[in-house]
Amino acid sequence: MVRAGLTTERLVRAGAELADEVGFAQVTVSALARRFDVKVASLYSHLRNSQDLKTRIALLALAELADRAAEALAGRSGKDALGAFADVYRDYALAHPGRYTAARYPLDPETAAASAGPRHAQLTRAILRGYDLPEPDQTHAVRLLGSVFHGYVSLETAGGFAHSAPDSQESWTRIVDALDSLLRNWPTR
């Protein structure tokens, strides 16, 4: 018998909260069962296994990020759009470290194609239209932005900038300024 109140959506949201509290790597069906004080078997009518749970958390995180990015970009262009987009990723990672990690969880090609992942690429390319970059430079720029944002956020969330001046927010602002300058003056071959 399924315990009243348990739904797949509720379990996935609880799994995402658990990921933010203890780390995405620690999220399992067993840990989720402990959270609800139920037997693991009661969750199997909603989730196949821990990989299924992690995939669903990844899909949730990708959707949340894409929704926030789309909202932040509405009506913006150029450096303003770039800064808003960058801030969405940084703010999300700082507020939801487990979900941010989940957003990078490897998905099979079919699941990835049906996820919010392609929206992230479309949103990034929408920003780059303001910089008038042709292909393949646009693809290089998408990869550059993703690498810089993820690298900075990963170092910051690991405490990498906590012990030195200037403040990490000041560095973040300067980095976005530098990226804007680079995109406006993209090197040609």
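Predicted model: local features only at pLDDT ≥ 70, side-chain atom pairs only at ≥ 80, totals over all residues.
Colleague: What is the volume of the largest pocket?

Modeller: Rolling a probe the size of a water molecule over the atoms shows where empty space is left. For the largest pocket, the volume comes to about 400 Å³.

Colleague: Which residues are the closest to the centre of the largest pocket?

Modeller: The lining of this pocket has 16 residues. By class, 10 are nonpolar, 5 polar and 1 charged. The closest to the centre are Phe 85, Tyr 89, His 120, Thr 124 and Gly 146.

Colleague: Which element gives the largest share of the lining of the largest pocket?

Modeller: Two or more lining residues come from each of helix 3 (50-73), helix 4 (78-95), helix 7 (117-129) and helix 8 (137-157). The largest share is 5 residues, and the element is helix 8.

Colleague: Which element supplies the largest share of the largest nonpolar core?

Modeller: This core has 56 residues, and Leu 82 and Leu 183 have the most contacts inside it. Leu 183 touches Leu 82 itself, as well as residues including Leu 128 and Leu 145. Among the elements that supply at least two core residues are helix 1 (8-22) and helix 9 (168-184). The largest share, 10 residues, comes from helix 3.

Colleague: Is His 46 buried or exposed?

Modeller: His 46 sits in the loop between helix 2 (29-36) and helix 3. Its side chain reaches the backbone oxygen of Leu 6 at 3.2 Å. Buried means under 20% relative accessible area. The relative accessibility of His 46 is 15%, so the residue counts as buried.

Notes. Residues numbered from 1 in each chain as written. Heavy atoms only, no water. 1 Å grid on protein atoms, 1.4 Å probe; cavity = no way out; pocket = protein on both sides within 12 Å on 5 of 7 lines; lining within 4 Å. Points joined across faces, edges and corners; volume = space filled by probe spheres on them. Helix = DSSP H or I, 4+ residues; strand = E, 2+ residues; numbered from the N terminus. Nonpolar A, V, L, I, M, F, W, Y, C, P; charged D, E, K, R; others polar. Buried < 20%, exposed > 50% of the residue type's maximum accessible area, 1.4 Å probe, protein only. Polar contact = N/O pair within 3.5 Å; in protein donor to acceptor, adjacent residues only side chain to side chain. Core = buried A, V, L, I, M, F, W, Y, C linked by side-chain atoms within 4.5 Å. Contact = heavy atoms within 4.5 Å. Lists of a residue's contacts leave out its neighbours within four places in sequence.
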